[in-house]
Amino acid sequence: MEGKTALSAWFNAQKIALGPIIFQAARVLRDSGILGTLRESPAGLTVEEIATKAATSPYAVLVLLEAGLAADIVRCDDRRYLLTPTGFYVLTDESTRINMDVVQKCCYQPAFYLEDSLRDGKPVGLQQCFGDWETIYPALSSFPEAARTSWLEWDHYYSDAAFPQALPIVFARKPRRLLDVGGNTGKWAIQCAGHCDDVSITILDLPNVVALADENIRERGLQERINTTGIDLLDASKPFPRDFDAIWMSQFLVCFSEHEVLSLLERAAAAMDTNARLYILDNFWDRQTYDIAAYCLQTFSLYFTFLANGRSRMYKASDITEMVEAAGMKVDDVTDNLGICSSLMICSKR
Ligand SMILES: C[S@@+](CC[C@H](N)C(=O)[O-])C[C@H]1O[C@@H](n2cnc3c(N)ncnc32)[C@H](O)[C@@H]1O
């Protein structure tokens, strides 16, 4: 190894070792308003000036700023601190904010139990930090408000941005009956009803989740067009309802182990005729154009281990393709680069 390469590899290793401390420093710099204050002061500010503006002690400002120097969030020029481009992204980039919030409010403490979760095949982080639940999904409605809000914002951020682009692809085949599996709060179903007057939608999700969807559907007067069924789809003996032209699964299969995904896909296939299509919208790290997206997805994969369920992961498109084929279907088409980093797979029966 060349000297420079070894030095940068060593530096990288130290960044990993100290990552949790840097994370907290960056978050507090953001949340205390210090980064915002620096953004408004292009000529820079001294520690004392920042302390006055942020209504905090000079000691607090100094230690945060010095960690910020290490993280390249701020720089110092003749005792005046200035925001760097990285600090600008920490402060203003929506995806960074959403990721940082869900890490802080939902993942930070549970991640400490990663090893236990891997050993036990259970989300030990969830159980230690949020209560004795088997998975996060029925637990979410009883999460503390800040944790629930940050989770919903994170979850919806990735799928919401893809929905408008996915609608014309799904409706190209003019489905009249659409089954939204894992339809959550009804966001996709409501958009489908707005997109096409002739479609009726059924949402399948856990009973306490469809209760939330029902509220949203009622608020918009869409009860005639969208109905919901509360069901635990982990129960492999429960078949999918039949006679749907389109079955939609958005960010759904990631919630299940390979064995469970196969069972879900087999039940979907059993409910489909040859004209029906299965649409799988997900964030596959092997289909990303940008390394930044693959980095986020590969890292967040462990959220499923320590917090969500202890046994699923961010699947690659190639993993899902194998499971689709094992369930008696084939992948007809994949459209990438929808929304932030989603891909849409279209599958039919073989
Ligand atoms: C990651 S969210 C995706 C929600 C939505 N489809 C989207 O794209 O934003 C996964 C959804 O699957 C549902 N889900 C998870 N486990 C389930 C189960 N065992 N039975 C039924 N639904 C389940 C969750 O309640 C949640 O609404």
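**Group meeting: helix packing, domains and ligand shell**

The crossing of helix 2 and helix 5 is left-handed, meaning that the near helix is turned anticlockwise from the far one by less than a right angle; clockwise would be right-handed. Before I go on, this is a predicted model: local features need pLDDT of at least 70, side-chain atom pairs count only at pLDDT 80 or more, and totals for chains, interfaces and linings use all residues. Residues are numbered from 1 along each chain as its sequence is written.

Helices here are DSSP runs of H or I, at least four residues, numbered from the N terminus. The axes of helix 2 (residues 19-31) and helix 5 (residues 58-70) cross at roughly 120° and come within 9 Å. Axes are lines fitted to C-alpha atoms over the stretch in contact, with angles from 0 to 180 degrees between N-to-C directions. That makes helix 2 oblique to helix 5, oblique being what is left after under 35 degrees (roughly parallel), over 145 (roughly antiparallel) and 65 to 115 (roughly perpendicular).

Which residues of helix 2 and helix 5 meet? From helix 2 come Ile22, Ala25, Val28 and Leu29, and from helix 5 Leu64, Ala67, Gly68 and Ala70, with contact taken as C-beta atoms, placed from the backbone, within 7 Å. The residues of this contact are 7 nonpolar, 1 polar and no charged, with Gly counted as polar.

On domains, an automatic or database assignment gives domain 1 (3-92) and domain 2 (158-286 + 311-349). Their C-alpha centres lie 42 Å apart.

Last, the ligand. It is surrounded by 18 residues, the closest being Ser159, Gly182, Asn184, Leu233 and Ser250; the criterion is a C-beta atom, placed from the backbone, within 6 Å. Helix 11 (residues 145-160) gives the most to this shell, 3 residues.

Terms used:
Helix = DSSP H or I, 4+ residues; strand = E, 2+ residues; numbered from the N terminus. Contact = placed C-beta atoms within 7 Å.
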